[in-house]
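Please look over the sequence and the model shown here before reading on.

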Amino acid sequence: MTPTLPTVLVLDADPPPRLGRLTGRARILRTDAAHLAERLPGADVLLVWDFTSHAVRRAWPGEGPRPRWVHTASAGVDHLMCPELVASDTVVTNARGIFDQPVAEYVAALVLAAAKDLPRTLELQRERVWRHRETRRVAGTRACVVGSGPIGRAIVRTLKALGVTTALVGRVPRIGVHGPDDLDRLISRADWVIAAAPLTERTYRMFDAHRFGVMQPSAFFVNVGRGDLVDEEALARALARRWIAGAALDVFTTEPLPGDSPLWGLPGLVVSPHMSGDTVGWRDELGAQFVELYERWAAGRSLPNVVDKTRGYVPGH
């Protein structure tokens, strides 16, 4: 008798993942959000390729068996988690390692652009105006990076290469990492405050009116973590009142950002469409990563990138 192949259910997005290497080793089924709940009981593995969807959180509660393993093609896992999934024996993994350096390079680009006033240079060029200005040195400035996972550590390495003095803040203090109790002190001295933390109950809107008030008027704030790390109304007030010099958001509470959002027109705010980690070929890297993880799973080997479902991220750093 031919052994039954494991069923991999893909919560799809366009373009779909390239899973040709699994031909003959897995039964690949695809679903959209509307049909996910009815197809979950028949799946051994769920690949959340549409990592912007909250369909898993809605579909997981219910009757019947559930996949033994869920992999999301993203660093964040907050879009998946519901009490039933957290309480289950299902293993959850993420795309840790794919986005680290691209996000770090994006942050460095924002820091350089802000220090060298590049947005204003481009505006003046469009206006055909020759206006000499002086800009800031980056070397010798201070950065506070919040989030001590692989992305946060890559940001620290990249900023250090530019001569920036960096402080890294994580969930608990340890060698090379400050704890939350140090955050206000560190951001009050920082020229650059970078949010790269996972979204958890403890980090929800951690950047609020108090935190923006603590920052110095010359500070520039960047969020490449999750949108709900930031109280967007508080940030808007901080920019309008010039409590801080400027900000850049790559993630938002609501995505895509609605066309009527006041954030589009805020002075000193750079808006980008959740693209800091998306370099040429990133989808192929995500697909290849899943295939490698599947091969380990099918062979009964331990999986890397296993998320602590109660904490909401991969522990260990």
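How do the residues of the lining of the largest cavity divide into nonpolar, polar and charged? This is a predicted model, in which local features need pLDDT of at least 70 and side-chain atom pairs count only at pLDDT 80 or more, while totals for chains, interfaces and linings use all residues. Residues are numbered from 1 along each chain as its sequence is written, and side-chain values use heavy atoms, with hydrogens and water left out.

The lining divides into 7 nonpolar, 2 polar and 1 charged, where Ala, Val, Leu, Ile, Met, Phe, Trp, Tyr, Cys and Pro count as nonpolar, Asp, Glu, Lys and Arg as charged, and the others, Gly among them, as polar. A cavity is a set of points, on a 1 Å grid over the protein atoms alone, where a 1.4 Å probe fits but cannot get out, and its lining residues have an atom within 4 Å of a point. The count comes to 1 cavity of 30 Å³ or more, and the largest has a volume of about 40 Å³, a volume being the space filled by probe spheres set on the points, which are joined across faces, edges and corners. Among the lining residues are Tyr106, Leu110, Asn223, Asp250 and Ser272. Helix 4 (100-115), strand 9 (220-223) and strand 10 (246-249) each supply at least two residues of this lining; helices (H or I, at least four residues) and strands (E, at least two) are DSSP runs, numbered from the N terminus.

In helix 9 (residues 232-240), Glu232, Ala234, Leu235, Ala238 and Leu239 are buried, that is, under 20% relative accessible area, with exposed meaning over 50% and partly exposed in between (1.4 Å probe, protein chains only). Seen down the helix axis, these buried residues fall within an arc of 155°, so they line one face of helix 9; the arc is that of the directions from the helix axis to the C-beta atoms. The face turned away from the buried side carries the exposed residues Glu233 and Ala240.

Most residues other than glycine have a negative phi, and most peptide bonds are trans. Just after helix 9, however, Arg242 takes a positive phi of about 60°. A cis peptide bond joins Glu255 and Pro256, with omega about -5°, and Pro256 is found in the loop between strand 10 and strand 11.

How values were computed
On a 1 Å grid over the protein atoms alone, a cavity is a set of points where a 1.4 Å probe fits but cannot get out, and a pocket is an open set with protein on both sides within 12 Å along at least five of seven lines; lining residues have an atom within 4 Å of a point.
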